[in-house]
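I opened this notebook to keep a record of what I looked up, one topic at a time.

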Amino acid sequence: MSLRNGNSRFSRLLMAAALVVWAPETAWGCPVCFAAEQRQLTAYFATAVLLSLLPFVLAGAITWWIRREARRSATNASDGPALC
Amino acid sequence: MASVVATVQDRPGNLGIPNAVLGMLLFLATEAMFFAGLISAFLVVKARWIGAWPPPGQPRLPVEVTAVNTLVLLASGAVLWMAARAARAQQGSMERVRRLSLLAAALGAVFVLVQGVEWARLLAYGLTMRSGPYGSFFYLIVGTHAAHAVAAIVALLWASMRLDSRAVFSGSYRAARLFWYFVVGVWPVLYVLVYLT
């Protein structure tokens, strides 16, 4: 790598860092979150929370249920055949 | 019956969970996400709506009739829960479990029927899929739930008709029950969001 190429890469990195530090408002990812009415913001926030957390809740609930069934199954197997 | 259960449980590494039940759980997890997506879209569109919601000039939804219908659906869930309890506790015969399961399916059918009658009335009043976001979301969300209710009723009827002393503990009956509990459980949320807010 030549010195000139290295300088060019460094200056590009420096420019990117400067943009991140001094112009963060252009980096917001949500195009509607900051120009909406309060009820719209509430709706966006509520649905974002719902859709983000629900997969974890579902996965956790299913894992918990499987563990409970497995424990119950193991207990029943040691006590004799289970009915359900 | 006991020997059947013992055979299943004696398999090494077997958790005692039928494949049908596990498959139904995963299916219901995806369905929960699907309904969450519909609800989210509805909430965002409603929040962005300029003016009153429901929009003026659109027919009002039958809140009271649907409230009674919701009670019918909840009752069907309770009846099915009683059937499951009877099966688990081995109270009475399989006939009692089958009768309760069929009663739950019948109450579910009443729910779908009343919904259908109300939709016909709303269509006659001019609320259609194309009459705006209000009608679109109403038929999309409530219609999707109704499709699930019909599928769950068919599954429950099929599983109930196949009930015998062994099948009551089989995966298919338990999976059908889970499906129906999901249909019953998701409806109050949809009712509050679509009809009451």
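**Entry 1: ground rules.** I note that this is a predicted model, in which local features need pLDDT of at least 70 and side-chain atom pairs count only at pLDDT 80 or more, while totals for chains, interfaces and linings use all residues. Residues are numbered from 1 along each chain as its sequence is written, chains are lettered from A and ligands numbered from 1 in the order in which they are written, and side-chain values use heavy atoms, with hydrogens and water left out.

**Entry 2: the make-up of chain B.** I looked up the elements of chain B and found 6 helices and 0 strands, running α-α-α-α-α-α from the N terminus on. Helices here are DSSP runs of H or I with at least four residues, strands are runs of E with at least two, and both are numbered from the N terminus. I also looked up burial: of the 197 residues in chain B, 46% are buried, where buried means under 20% relative accessible area, exposed over 50% and partly exposed in between, with a 1.4 Å probe and protein chains only.

**Entry 3: how helices of chain B pack.** I began with α3(B) and helix α4 (residues 94-124) of chain B, which pack at an angle of about 165 degrees with their axes 8 Å apart. The axes are lines fitted to C-alpha atoms, for helices over the stretch in contact, and the angles run from 0 to 180 degrees between N-to-C directions. The angle makes α3(B) roughly antiparallel to α4(B), since angles under 35 degrees count as roughly parallel, over 145 as roughly antiparallel, 65 to 115 as roughly perpendicular and the rest as oblique. The residues of this contact of α3(B) with α4(B) divide into 18 nonpolar, 6 polar and 2 charged. For these classes, Ala, Val, Leu, Ile, Met, Phe, Trp, Tyr, Cys and Pro count as nonpolar, Asp, Glu, Lys and Arg as charged, and the others, Gly among them, as polar.

Next I looked up α4(B) and helix α6 (residues 171-196) of chain B, whose axes come within 12 Å and cross at roughly 30 degrees, so that α4(B) is roughly parallel to α6(B). I then turned to α2(B) and α6(B), whose axes come within 9 Å and cross at roughly 10 degrees, which makes α2(B) roughly parallel to α6(B). By class, the contact of α2(B) with α6(B) has 20 nonpolar, 2 polar and 3 charged residues.

**Entry 4: aromatic rings.** I wanted to know how many aromatic pairs there are over all chains. The count comes to 13, with rings of Phe, Tyr and Trp (its six-membered ring) pairing if their centres lie within 6.5 Å, and with planes under 30 degrees apart counted as stacked, over 60 as edge-to-face and the rest as tilted. Phe42(B) lies in helix α2 of chain B and Trp53(B) in the loop between α2 and α3, so the pair ties together parts that are 11 residues apart in sequence. Phe42(B) is buried because its relative accessible area is 3%, and Trp53(B) is buried as well, at 17%.

Trp187(B) and Tyr195(B) form another edge-to-face pair, at 6.1 Å centre to centre and 70 degrees between the planes, and both residues are buried. I also found that these two belong to one aromatic cluster, formed by Phe111(B), Phe138(B), Tyr139(B), Trp187(B), Tyr191(B) and Tyr195(B).

**Entry 5: a cis peptide bond.** Most peptide bonds are trans. I noted that a cis peptide bond joins Trp53(B) and Pro54(B), with omega about 5 degrees, and that Pro54(B) is found in the loop between α2 (19-48) and α3 (63-89) of chain B.

Val21(A), in helix α1 (residues 3-22) of chain A, is exposed, with a relative accessible area of 56%.
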